[in-house]
Amino acid sequence: MSFDTIEEMPKKDKIAIEQAKELLKEHTLCEFCLGSLLATLSGDAPWELGRNMLELLSKEKGVVGENAIKGLSGECSVCKGLVPSVLPELINKALVSLSKLELDSFKSGTKLPADIVEREDELRARHGMWTAESLKVVINKYADEIIASKTGLDVKSDKPDVLVSFDFIRKEVEVIPASVYVFGRYRKLKRGLYQTRWVPEAEGTIESYIGDIMKAAFEAEDYKLHAAGREDFDVRMLGRGRPFVMELIKPRKRRVNLEELERKINSKLEGVVQVSDLKKASKKTVILIKESSSLMRKIYLAKVTVEGKISLESLKKLEKELSNRLIRQKTPTRVLHRRADLLREKMVYKVSTKPISESSFEMTIECDGGLYIKELIDGDGGRTKPSVSEILGEKAFCSELDVIDIIVPDELMREVEVHG
Ligand SMILES: [Zn+2]
């Protein structure tokens, strides 16, 4: 809207000007604060409405005209001049930071000092300003519009690539890239490797091996591995591998070629860790991967050593008695110091065996996720029932263990495909 005189205006705008006059009789207001109080009276952006009103009323005689002139120069009894003096500079800073990032979308957010919000509320209540929009929202819209027009980026309220956070308390702006999530499956080809970095003495872990390479590719600040369960330090993860999501925290790059990244990881980590199936994922994938981990069936290959001798008949008996059998397992003694003492009921679906020597054999076990295999074999002093030791009537223990497959539920794969 731009009119030179009040007489030329349509009715709605005349209401706006009357309201503006009322306000300026008592207060000095900047274009943002005045505009936000009158926001819904015009189809124009609130700050444009505010500026137009101030320009028109600056021609008036008396206190209204004086206050309008002060408002145009940035004086304001609500924000104390903070918004018009600081906002343009913060937007310029944000533009510089954004130019260093790879992104398609953003959204602005604003933190205002409590006293500004209080004065805004008070003024709104005192003058019955039903036409107001909050100053915070107006600032966000203004910043969104300027940044979008200068960069060509999309403004996206739902999961933007980057949050531009204006802090009027510290007079700072922070540009915060949202995490990037990459789904994949890893195979651990070497024993003696922890999964995550929480073990302080662990030098190389699955998380750090894969994470360091991904961090460099995405120019991220940090990373976090979210995996569907974990295997022990001395257990290999073979077959198609264990599903995981790597979260890249505050990445500067978002458009990394995942096929190339996969090749790079696999050539650098040859013989140690390999990844496959890398795809873009989401935060929801992380939740699903955690929730569905215990629902994923696992197939293990164990090398079992027995104190006595084994016979083919005893192995046949073992296969028969353990297949399609419900196992009642109390939390293993070896993890009791960090896990609650619970009773788990897990199914073993299928067991097959192959003798290696008089006192050792190979055993393939298909079972529910979350069943502890070492204890299924040795019995953990009666805490796992039944067990290989119990059925054979001989002390048995697991001398080597590999996970050879993890069967992933369709729901998880569908979620991954959506973002692929
Ligand atoms: Zn103001």
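A charge sits over a ring when NZ of Lys or CZ of Arg is within 6 Å of the ring centre and within 35 degrees of the ring normal. Here is our case. The charged end of arginine 297 sits over the ring of tyrosine 349, 3.5 Å from its centre.

Some ground rules. This is a predicted model, where local features need pLDDT of at least 70, side-chain atom pairs count only at pLDDT 80 or more, and totals for chains, interfaces and linings use all residues. Residues are numbered from 1 along each chain as its sequence is written, and side-chain values use heavy atoms, with hydrogens and water left out.

Now the overall layout. The domain assignment, which is automatic or taken from a database, gives domain 1 as 6-177, domain 2 as 180-294 and domain 3 as 296-407. The centres of domain 1 and domain 3 are 68 Å apart, taken over C-alpha atoms.

On to the metal. Which residues coordinate the zinc ion? Cys30, Cys33, Cys76 and Cys79, each through SG, at 2.3 Å. Donors here are N, O and S atoms within 2.8 Å of the metal, or 3.2 Å for Na, K and Ca; water is not among the atoms, so sites may look incomplete. The angles between the four donor atoms run from 100 to 115°, which makes the arrangement tetrahedral. For four donors, that term asks for all angles between 85 and 135 degrees. The sequence spacing is C-x2-C-x42-C-x2-C. Cysteine 33 is in helix α2 (residues 31-38), and cysteine 76 is in the loop between α4 (62-72) and α5 (82-98), so this pair ties together parts 43 residues apart in sequence. Helices (H or I, at least four residues) and strands (E, at least two) are DSSP runs, numbered from the N terminus. Both cysteine 33 and cysteine 76 are buried. Buried means under 20% relative accessible area, exposed over 50%, partly exposed in between, with a 1.4 Å probe and protein chains only.

Next, the rings. The whole structure has four aromatic pairs. Rings of Phe, Tyr and Trp (its six-membered ring) pair if their centres lie within 6.5 Å; planes under 30 degrees apart are stacked, over 60 edge-to-face, the rest tilted. Take phenylalanine 32 and tyrosine 142: centres 4.9 Å apart, planes at 85°, so the pair is edge-to-face. Phenylalanine 32 is in helix α2 and tyrosine 142 in helix α7 (residues 135-151), 110 residues apart. Both of these residues are buried. Ring pairs also bring in Trp47, giving a cluster of Phe32, Trp47 and Tyr142.

Tyrosine 186 and phenylalanine 244 make a tilted pair, 6.0 Å centre to centre with 45° between the planes. Tyrosine 186 is in strand β5 (residues 180-188) and phenylalanine 244 in strand β7 (residues 236-249), so the pair ties together parts 58 residues apart in sequence. Tyrosine 186 is buried at 0% relative accessibility. Phenylalanine 244 is buried too, also at 0%.

Last, the backbone. Where is the cis peptide bond? Between lysine 385 and proline 386, with omega about -10°. Proline 386 is in the loop between β13 (384-385) and α13 (388-392). Glutamate 219 is not a glycine, yet its phi is positive, about 50°. Its loop runs between α8 (206-218) and β6 (222-227). Glutamate 219 is partly exposed, at 33%. Asparagine 324 also has a positive phi, near 50°. That residue is in the loop between α11 (312-322) and β10 (325-330). At 57% relative accessibility, asparagine 324 is exposed.

Technical notes. Four donors count as tetrahedral if all angles lie between 85 and 135 degrees; four count as square planar and six as octahedral if opposite donors are over 155 degrees apart and all others between 65 and 115; anything else is irregular.
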